[in-house]
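Please examine the two-chain assembly shown below.

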Amino acid sequence: MSNEATLHSQQEVMHGAAAHGHGHDDHEHHHEGGFISKYVFSMDHKTIAKQFLITGILWAIVGAFFSVLFRLQLGFPDTSFPWLESILGHWAKGGHISPEAYYALVTMHGTILVFFVLTAGLSGTFSNLLIPLQVGARDMASPFMNMLSYWFFFMASCVMMTSLFVQTGPASGGWTAYPPLSALGDASIGSKIGMDLWLTSMALFVVSQLLGGLNYISTILNMRTKGMSMTKMPLTIWSFFFTAVLGVLSFPVLLSGFILLLFDRHAGTSFYLSELFVAGKALSNEGGSAILYQHLFWFLGHPEVYIIILPAMGMVSEILAVNARKPIFGYLAMVGSMFAIAILAFLVWAHHMFVTGLNPFLGAFFVLLTLLIAVPSAIKVFNWITTIWKGNIRFTPGMLFSIGFVSTFISGGLTGIWLGNSSIDIHLHDTYFVIAHFHIVMGVSAFFGTFAGVYHWFPKMFGRFLNNTLSYIHFWITLIGAYLIFWPMHYEGMAGMPRRYYDYSNWESFKQFGDLNHFISIVVIIVFAAQLMFVFNFFYSIFKGRKLTTTNPWNSTTLEWTTPINPGHGNWPGEIPEVYRWPYDYSKDGKDFIPQTVPLSPDEEAAGGH
Amino acid sequence: MSGYLAVLVVVLIFIVIFQIAKASEYVSILKGEKKARQQSNRVNGFLMISFLVLGLIGVYYCNELLRGKMGSGAASEQGEGIDNMIMWTLIITGIVFVITQILLFWFAFKYQEKEGQKAFYFPHNNKLELIWTVIPAIALTILVAIGLRHWFRITSEAPKDAMIVEITGKQFNWLIRYPGKDGQLGRKFFKNINEATNPVGQDWDDQLNKDDYMVNEMHLVVNKPVKLIIGSRDVIHDVGLSHFRMKMDAVPGIPTTLWFTPKYTSAEMKKREDNPDFVYEISCDQMCGSGHYSMKANIIVETQAEFDAWAAKQKTQFGLAHESATPPAAPAADSTQKAVAVNVVKH
């Protein structure tokens, strides 16, 4: 109790500080309300969230378009597309993408989508938007650091974008950038200047993630409004919290791996290089280990997939509850399973390395720990399904994408049980089975989570709705298309068809899938067009969408809907509301919903409250 | 021209969809928010259950269509173990998949918003949660146990009588070395590498190297275990043996191994697969540069007699290297250049 009192008094101080901040603004008259400080170098978490979202959308278009380009090669290896030469020049002579260009496209597709879209675009957007709004804070713990976080991401984006236009092309050794391939310009044209730009960009990106992550953690821990104990936080906030912790602990390891790689590239060190004979001569490097890089990379790389999926899980939990008009089932189990996932995320990285010559005894532990993750994941899935059981479901676009998320998370998660078992992984490693698995479970699912979040919180962001009909078309094409694209790939993988191949027509073992590849590529183009339709809907609705008439369009219990339709900097015009109950009182005691700001009734008090 | 036409058609479709979407928004405003929501709810609820039914039919249809393209099953003893594991994992995950997807979409359909329907306040239930913690835990324990049994068997030491073959990856082909009559591979060092005469860098002072020979096509004996000594000269490659269900990275500076026992000769496989062109292929399964997709070598599995006859015909690399020392290149080019030529066809 005394703790809460202290917290409250701290917040009072903070309010004072915020007020002071405004006073301070008045000193700089030329900035006050100016376009630059309002929309560009803004310290308002809501504007920063929109900046992350729009940058993420732009990157998503680029990344997805790259996949369309390389799917053209896979689906139509014998067809010439003269327009490709118009846009790619000598990278697509005669209308055929060259192998070098193909590998560059594949690499950039992975990098862009994993890091720039599903990390920055997803948790950057929603952590920024929702943490202060849902815990009841005026802004982030450090709005300035928060602004820097976006601008570091922006710089990373600029450097990465630049790398697309250098003469030797961007990085092309896969998004994992394994050395020695990524270390030696002689081994691959993409490992020349393109790789340096890639590493620079990623280093800036890591800085952005750390600035953002530290802010998210400190805001959640220190700036909750009165009454908002940790167990009264919406699951979204819990998921952003675990995501930020994962990022803060694992991104520095990635950075260290990258720095060693830079040393190997330019300082003549041999961290990853040993006994190489490249371009007709033996190199002087001896004693390094190429596998060391993989350990450093996957120590981030595996938590990274949870950095991508946890925010989606949190948002989906929230949206399912709101639209089923039911409390999320097993709130504490949901928090507990996210905690378990966050811990286990650090203990499974070597399952990406079962066939690197890893000690089999060590591999056995990674099998055990990897399959252990399936338990909290299963709990979450069953809890989601129970949440919609006996609900009164409204199929808002956000709800549809949330149901889609659960479906794809099941489909992709189950194949994780295959791949996590090392003996099956021997056969399926680096085949299309892996592509199918991770695209469904962290690509499509995370996108569904993002879309659900965008559709659900768009009214909060812009005070308008997205067009419903376009949203429904978008959902159904995407769900059906995603399954049509990735489901058959499991079969290609079971035949052992390797990933990252430019052409299969010379392979007796794999060329039987030519027709299938053709089919998949056609679906890819249709699904891509549907995403462009979403982008159109998004930008059109910002300006022309149907306007909100109430502050709480979904009849939701959480705090963000207690702010005005278009909240200013500081979020609440008056006092920050106080919280009395958990965020999931839907259909309780005959009431459709009870906002968190409503005090417990005497009956509830007697029952021990929530 | 047709390109512009296609773009035009797509844009037109976009515009039509957009106009419909805008019109339906106006209609829904006229009808009132509640009524519009009920209507779209019914449509989406129906689509949910249709997606479930058509999806499950689709899964079945996809299986019928593609099952035959996965080949005739594992061609090695170890691979059969892996296939067996895949089957058990498929059964367990398949059951879970069908049940959970049915529940998800069926609930979505069944509990769609209806006039007068009240959602059931059901925040938690310890017994249920315990059940679905314990059951997956047990199922996974079983899978881990079976999996590790296979894993330790597959990664165990190769039998003493196993045949030894060395395979070294380079951009973009495989260098295959046999130990010759003495059954032992000679020493090698990367600074000895000479593209023309000594592709893996054999140390000619080592007597064991005198009878080692290099080939473009790996020959193995049916039902005889083979241990591959795997290495790389430049970047990381991966020896992918899809028919044998085997795979191991080729890492520069760190030798790796794998062993397996082929069960069918190449001739038998042609019959099993019903494909006269069937050939065991070694694919590179780790991204290794622009020629990654073309990094191929073939394996011939044959009887001991056939193998012995073939082995007897092979010339030692030592011989080739020293023979060509006077007139450089010609025969030594045999082992490397030909392989390069085969693999660089597409370039």
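In this predicted model, strand β4 of chain B covers residues 218-221 and directs B:Met218 and B:Leu220 one way, with B:His219 and B:Val221 pointing the other way. All of these residues are buried, a term applied when 20 or more other C-beta atoms, placed from the backbone, lie within 10 Å of a residue's own. Strands (E, at least two residues) and helices (H or I, at least four) are DSSP runs, numbered from the N terminus.

**The sheet around β4(B)**

- β4(B) pairs with strand β10 of chain B (residues 296-302) in the parallel sense, over four bridges; pairing requires that DSSP find at least two bridges between two strands.
- Within this pairing, B:Met218 is placed opposite B:Ile299 of β10(B), and B:Val221 is placed opposite B:Glu302 of β10(B).
- The open sheet consists of five strands of chain B in the order β4-β10-β9-β6-β7, with mixed pairing.
- Its edges are β4 and β7 of chain B, each of which pairs on one side only.
- Neighbouring strands of this sheet are turned against each other by 25 degrees on average, direction ignored.
- Helix α6 of chain B (residues 304-312) lies across β4 and β10 of chain B and runs at about 145 degrees to β4(B). Axes are lines fitted to C-alpha atoms, for helices over the stretch in contact, and angles run from 0 to 180 degrees between N-to-C directions.

**Chain B overall**

- Chain B contains eight helices and 10 strands.
- The radius of gyration of chain B is 30 Å, well over the 20 Å that the globule rule gives for 347 residues, so chain B is more spread out than a compact globule. The radius is taken over C-alpha atoms, and the rule is 2.2 Å times the number of residues to the power 0.38.
- The C-alpha trace of chain B spans about 95 × 65 × 40 Å along its principal axes.
- Of the 347 residues in chain B, 39% are buried.

**Domains of chain B**

- An assignment, automatic or from a database, divides chain B into domain 1 (41-114 + 125-156) and domain 2 (163-323).
- The C-alpha centres of these two domains of chain B are 38 Å apart.
- Their contact involves 10 residues from domain 1 of chain B and 12 residues from domain 2 of chain B; residues are in contact if their C-beta atoms, placed from the backbone, lie within 7 Å.

**Chain A overall**

- Chain A has 18 helices and four strands.
- Its radius of gyration is 25 Å, which agrees with the value near 25 Å for a compact globule of 610 residues.
- The C-alpha trace of chain A spans about 80 × 55 × 50 Å along its principal axes.
- In chain A, 62% of the 610 residues count as buried.

**The interface between the chains**

- Contact between the chains involves 98 residues of chain B and 103 residues of chain A.
- On the side of chain B that touches chain A, α4(B) provides the largest share, 14 residues.

**Conventions**

- Residues are numbered from 1 along each chain as its sequence is written, and chains are lettered from A and ligands numbered from 1 in the order in which they are written.
- Because this is a predicted model, local features need pLDDT of at least 70 and side-chain atom pairs count only at pLDDT 80 or more, while totals for chains, interfaces and linings use all residues.

Technical notes:
Contact = placed C-beta atoms within 7 Å. Buried ≥ 20, exposed ≤ 12 C-beta atoms within 10 Å, placed from the backbone.
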